[in-house]
Structures are given as C-alpha cells and as structure tokens.
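User: Please take a close look at a single part of this model, one of its sheets. Then place that part beside a few selected residues and the packing of nonpolar side chains.

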Amino acid sequence: MSPSATAASSTIMAHWQFLNDEDGSWQGFSQTVSVSLENAFLQWLQDPHRSKRPPATVRSNQFKYVVNFYSATEEKREQKLRRISLVEAETAQAVTVDSSLWGEYSEQREAVEVLRAQLEGQVEAAKAAEEATQGRIAELEAQVRELEQQRDACQRELEELRQELEAERTVEGRTLPHLSYTPFPGRLVSITGGDESPARSSSVPVGSLGRVRALEGTAAAVDFPTLGRHGVWIPCEHLTVAVEAELMSRPGSLVAWVEDDGSRVVGVVCDSVDEVTVNVLGPDGRKRPRCLLHLDLNEYDRESSEPLEVGDLVRRCGDGPGHERVGMVIQATEESLTVRFREDAAGGDPGSVRLGSERCEDLCFTPEEAEERLRRLDQASFVRPLSSVRFRPGLEGVPRAEDQSEVGVAYAVHADGTVVVDFLGNMGCRCGMELLEVVDLPQTMDHSLLCLLSELLSWHEVSAQHWEEERDDALLQMLDALPAQPSLLGQPERCRLTEWPVRTDVFKFVAKLLLGSMHASSSCQPQDGEGVVFRRPAPLLCVERVEQIGNDGLQRLFALVRDRSLAAAPRGDGRASGVVAAGEPEEDLTAACAMPPGPSEREAYLWWGGPWEAAERVCTRGFAAEASAGGSRLRFSACAADADLRAEPRGLAGNENGVGLRCLILARVLLEGAPPAEARRCREHVVRNASHALPLFRVHYRHAPA
C-alpha cells in the first residue's frame with residue numbers, strides 16, 4: 001500500500017517499515033523513528049507541491065534518514081519503505097506488528113470509543129439543553145414584553161396621578177387658607193389695628209371679640225354683645241378668626257382665669273351664655289359666667305403625682321359592683337373631690353351611651369379616698385374640643401358607622417366623661433372619652449371640610465338653642481302678664497280655651513316643659529353622701545293637645561291676691577322654688593326639675609293633676625271646687641311625674657292598660673311659706689287658698705304602651 005493511499009484512509013495509528021535486502025523481509029523502525037517518519041509524511045502529504053518537494057531528512061540519535069515519500073525509498077541506503085496502518089493491520093496477515101504497540105493501540109482504541117460515546121451523549125444532552133434553554137428564553141422574552149407593557153401602563157397612570165396630586169395640592173393651597181381664615185357666619189373674630197381700621201371710625205376698639213352674623217362680599221356683619229353693638233359691618237381684611245376663643249367657647253374646654261385677688265383659677269367650660277360669654281365650672285363646683293376675652297387655655301403638661309383638677313377624666317378602682325367606672329371631676333377643693341359617673345347602657349359595652357340616656361350620679365370623696373380609689377386617665381383627658389381623634393384600635397363594641405372616616409373632630413365634652421365627635425358618615429357620635437385617642441391633625445381636604453362642617457353645624461345648633469331660649473323668655477313674659485288694674489269684678493265661669501297647633505311656638509314651649517320636667521324628675525332627689533338616687537324611669541309620653549286657659553275673672557282675682565301678698569311679705573321672704581331645708585345649700589329647685597323660675601320670689605310654675613272631670617271644672621271655676629273636695633289642700637309639684645300619678649285617664653272603662661288620654665294643668669302658684677315637713681325637695685307644694693293658683697295651660701297627653 002502506497003503512503004498516499006495509506007494517508008487517505010481513516011488511520012488512527014501508523015507504523016513505518018523498511019525492506020531488508022538480505023532476507024527480503026519487512027522490518028519495522030523503532031517507535032521514535034516511526035513517529036518522526038509519520039510526522040514528516042503528514043507534512044509532505046499536506047503540501048500541494050509535494051511532487052517537487054525535496055526528500056525529507058529524519059534524525060534519530062546517531063541515525064539519519066533521507067526519505068523520498070513519493071517513491072517510498074530511503075535514498076541514502078536505497079531501501080524500500082512502507083507505511084502500515086494499524087486499522088489495516090487487523091486484516092493484513094503478512095504484516096508484522098509489535099505486540100506492545102498493538103496492545104497500546106487496543107487500549108487507546110477502546111478509550112477512544114468510550115470517549116466517542118460520551119461525546120455523542122454530551123452532544124445530545126447539549127442539544128436538548130439548548131432546546132430547553134431556547135424555549136425558556138422565549139417564555140422569558142414574552143414575560144419581559146408583558147412586564148414592559150405593564151411598566152408603560154404604570155408609568156402613564158403614575159404620571160396621571162402625579163398631575164392630579166399636583167392639581168389637588170394647588171387647589172388645597174388656594175382653598176385651605178380660605179376655609180381656615182374666612183370669617184364665615186358663626187365664627188368668632190377679633191378686630192385688627194391699622195390706619196384704616198374700623199376702630200378709628202366706630203366705637204368698636206381694636207381687639208374686640210364678636211360673632212359673625214352675616215357675610216356679604218368683602219364685608220361681614222359682626223355682633224359685639226359686650227359693647228351692645230349688633231350687626232356692625234366691618235371689612236373682612238380687618239377681621240381675624242379667633243381660633244383660640246372658638247376653642248374656649250366649646251363645652252369641655254379646660255380654661256383658666258385670674259380672680260380679683262390675683263389668684264389663678266382653673267375650670268372647664270359648661271355652655272354658652274351669649275356669643276362671647278360662657279358658663280365656667282370652677283373648682284368649687286359652681287358655674288359662673290366669664291367673657292372669652294378674660295379666659296386662657298389651660299394647656300400644660302401635668303405630672304401623674306399632681307392632684308386632680310376639674311375636668312380630669314378618672315377611673316374608679318376597687319372591688320364590688322359599681323366600680324371600675326369612668327367619670328369626670330366636677331368639684332375639687334382641699335376638703336373633698338366630687339366625680340360624676342355616667343350610667344352605662346344596660347347590657348351594652350363600657351363607654352357606650354344609650355340615646356336619650358343621660359343618667360349619672362355624683363360621688364364625693366375625701367382627699368385620702370380619692371388618692372386611693374381614683375386614677376386619672378391621662379391619655380383620654382387629652383380629648384378636648386376641636387382635637388382630631390379616632391377610636392382606639394382593638395376595641396370592640398365602639399359606635400362606629402359602616403362608612404365613617406377614620407379620623408374625626410371632637411365637638412364637645414360633657415361632664416359625665418362622654419364626648420361628641422363628628423366623623424364623615426357619623427356626625428354627632430357620642431361615646432366615652434376612654435374609647436378615643438388623639439392623633440395629629442391630618443392635612444387633607446376631607447378633614448378640613450369636616451372641621452368646617454362641624455364648626456358651622458355647631459353654630460347652627462347653638463343659634464337654634466339661643467333662639468329657643470329667647471322664645472321661651474318671650475313666652476314667659478307673656479305668662480307673667482296680668483291685668484294692670486285688678487278687680488274682683490268678673491265672671492269666673494266664662495272660660496276661653498285656645499288650642500295651639502302642633503307647629504306653633506306655644507305648643508312646643510309647653511310640651512317641652514312637660515317632657516323636660518317628666519324626665520328630670522326621675523333623678524332629682526339627692527341622698528346624703530351617695531350622689532343622686534334614680535327614681536322610677538320617666539314614662540314615655542305623647543303630647544296631643546295644648547290649650548291655653550283664658551279666664552278674666554280668675555286672672556283679676558289672682559292679680560289682686562298676689563299684689564296684697566307681696567306687699568305684706570317682707571322682702572326676700574321665700575323663693576320661687578320652695579323652701580330650702582335647714583343646713584343644706586340653697587339651690588333653684590324648680591330648675592332642677594327643668595321648670596322656669598317664677599315671676600317673683602314667692603311664685604312658681606307648677607303642675608297639677610287630677611281626674612279628667614276635675615280638670616274641666618278648674619278651667620271654668622278655678623281650683624276652688626278642688627280645694628273644698630281635697631280638704632282645703634291643693635297639691636302642686638314642679639315634677640310632672642308626681643302630678644302624673646294623680647292624673648286619671650279619661651273614661652276609666654277600657655283604659656286598664658293606662659294609655660288613655662290624660663291631662664295636666666300648668667298653673668302659676670303663689671307659694672304659702674314652707675311645704676309640709678314630710679314633703680321632700682322637688683316634690684309637692686301645698687296650697688290652702690285656691691285663689692293663690694291660676695290655671696294657665698291644659699295639656700292632653702297619653703302614655704306610650706309598655
């Protein structure tokens with residue numbers, strides 16, 4: 001086989017031999033010479049001009065071979081050469097191969113086969129991995145494209161939100177100052193100075209405090225009660241909203257003032273007297289009117305060891321029923337401390353308030369007992385009017401509406417430790433102060449509008465209350481009016497009954513007196529050392545008719561008797577509310593039963609109840625017939641519940657359930673000294689002279705079914 005043919009075959013290992021001239025046999029070169037010849041052959045074979053290539057020279061130790069591969073001869077020794085492929089040697093029987101070389105070849109061939117199989121497996125695995133990788137890459141690319149689309153959408157939405165936020169900030173920047181500092185009707189304002197100040201052209205001095213009545217354009221009409229000026233038109237640029245004064249005008253605000261002797265006194269605001277005057281509860285437990293200009297906010301950090309003050313919220317600690325209750329300090333002197341505890345709703349959660357239930361009890365403690373049994377709730381005491389509050393997290397049973405806002409604004413704090421809070425979606429929510437916590441003022445449009453709405457609604461309620469009080473005063477003046485020239489002449493039998501419709505002020509006034517006296521009488525009887533005793537619950541009533549009794553003869557007779565009695569009695573003898581028991585502090589007992597004061601010290605407006613037919617006779621002939629029937633004794637009461645016990649339903653047949661039509665007489669009574677010794681405060685007043693009582697109104701009502 002020629003060297004070229006051998007080289008063209010798929011040879012893994014080759015061996016070179018030479019022809020021995022002596023015996024004509026082929027013998028192989030050594031391994032070193034064979035490898036050198038193979039390398040030289042491969043170089044010659046790769047040369048495209050190998051036919052013109054000179055013979056190759058191969059050296060091995062001391063031997064030198066000049067080989068012509070084209071003729072396959074060794075020119076120096078003129079010997080024939082041949083190249084034997086080991087692959088061909090497997091079938092070539094005449095080829096002599098070195099046994100060690102063949103063994104090495106076999107091992108290498110097996111190793112090559114193993115490597116070839118491994119390589120083929122790795123190639124297949126690489127192909128499979130590449131296919132999987134390509135599939136995963138395709139999935140990832142699809143996900144990347146989807147995420148890019150979402151990113152673009154989020155960027156567009158973010159840009160829209162950024163623009164909306166910027167627009168909202170711009171609106172808030174323009175709107176919030178107007179909401180906070182515009183003198184809207186109902187707001188307290190003060191006069192500022194300046195060259196063009198209205199104080200230079202009017203009698204309203206700088207710093208005067210007033211309440212805005214109306215706002216028109218750039219001017220506001222302001223009432224200044226302390227100056228006796230009302231409806232003064234002042235440019236808005238010279239008005240400043242008195243935020244601190246507005247805070248001090250709310251019930252429950254802690255304030256301080258300086259007495260005439262220079263001492264500083266602290267207290268809590270109870271209610272308003274007029275636009276710039278409030279009633280303040282002092283440490284001695286008595287209310288006194290104070291102008292807002294003379295008050296300061298009582299704001300300072302107090303240590304837990306400091307004594308309790310009026311307005312502090314406390315918890316009563318101890319064992320047994322009635323303990324662990326929350327109340328507010330309403331009197332704090334060196335000798336004693338009084339706390340008003342509210343009655344929680346029956347079966348309700350602590351801190352909840354039943355609608356229409358304002359029952360409470362006042363308990364008095366010595367300083368030692370107060371230190372032992374009372375604990376101040378510092379965090380809850382921070383809840384004051386105009387503070388931003390929310391319900392404490394984790395509490396159950398709180399009066400939360402479904403869609404109410406998280407943060408609300410406190411409107412007023414009551415003496416029983418409850419607070420009225422306005423939430424968006426839950427206005428006028430009343431609950432215990434211990435259920436709330438104070439938060440930072442949210443700088444949002446919603447909360448600013450809530451504060452404004454709460455402020456305007458509060459002024460609307462206060463204005464309605466003041467208007468109702470003025471209406472009641474006007475009606476009382478009408479009731480106080482008697483004939484200017486009393487005479488005994490007249491016809492007592494001629495009676496004029498004027499029925500007032502439900503929507504009239506007279507009907508509302510008389511119905512309010514009846515219902516207020518009926519409910520107030522359920523808790524107006526005190527007990528020494530134990531606060532207030534709750535009597536039977538006041539019945540639910542339905543007022544159907546209010547009739548004004550007009551009888552000229554009875555009016556003239558009462559006016560004559562009244563004038564003579566007042567002229568004969570020493571000045572200051574007796575009170576409109578009855579006689580005060582010895583050793584007890586004087587107080588307005590008719591006011592305790594929600595009844596207005598009488599026209600004079602010795603007169604009072606009281607209730608009388610009796611059978612239906614007796615009420616008919618009273619309207620025409622006065623109380624003379626009833627006095628004779630009752631043994632010359634007429635019983636009147638400031639508590640409508642007591643008179644209701646003596647009122648019999650019209651037509652007893654068929655009224656066993658007690659819901660028949662009844663009537664009470666509202667009378668103007670001239671008190672005859674002290675009532676009987678057995679009569680308790682706020683109960684009965686006994687009159688022996690029938691001409692000392694003048695019937696004014698007859699009220700028809702029913703008891704609601706049990």
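**A sheet and its surroundings**

Analyst: Strand E1 (residues 14-19) and E2 run antiparallel and are joined by 3 bridges. Strands pair when DSSP finds at least two bridges between them; strands (E, at least two residues) and helices (H or I, at least four) are DSSP runs numbered from the N terminus. The model is predicted, so local features require pLDDT of at least 70 and side-chain atom pairs pLDDT 80 or more, whereas totals for chains, interfaces and linings use all residues. Residues are numbered from 1 along each chain as its sequence is written, and side-chain values use heavy atoms, with hydrogens and water left out.

The open sheet comprises 6 strands in the order E2-E1-E6-E5-E4-E3, with antiparallel pairing. Its edges are strand E2 (26-28) and strand E3 (56-60), each of which pairs on one side only. Helix H2 (residues 31-46) packs on this sheet and touches E1, E3, strand E4 (63-68) and strand E6 (79-85), where contact means heavy atoms within 4.5 Å. The directions of H2 and E1 make an angle of about 105°; axes are lines fitted to C-alpha atoms, for helices over the stretch in contact, and angles run from 0 to 180 degrees between N-to-C directions.

Elsewhere, Trp-257 lies in strand E12 (residues 254-258). Trp-257 counts as buried because its relative accessibility is 2%; buried means under 20% relative accessible area, exposed over 50%, and partly exposed in between (1.4 Å probe, protein chains only). Leaving aside residues up to four places away in sequence, Trp-257 touches residues including Val-265, Val-280, Arg-288 and His-294. The side chain of Trp-257 also makes a polar contact of 3.0 Å with that of Glu-259. A polar contact is a pair of N or O atoms within 3.5 Å; within protein, one must be able to donate a hydrogen and the other to accept it, and residues adjacent in sequence count only if both atoms are side-chain atoms.

Arg-668, in strand E33 (residues 662-670), is likewise classed as buried because its relative accessibility is 1%. Its side chain is joined to that of Glu-603 by a polar contact of 2.8 Å.

As for nonpolar packing, the largest core has 57 residues, and Leu-514, Trp-607, Phe-623 and Phe-636 have the most contacts inside it. Helix H9 (residues 505-520) gives the most to this core, with 8 residues. Another core, apart from that one, has 18 residues, among them Val-326 and Met-328. Such a core is a set of buried Ala, Val, Leu, Ile, Met, Phe, Trp, Tyr and Cys residues joined through side-chain atoms within 4.5 Å.
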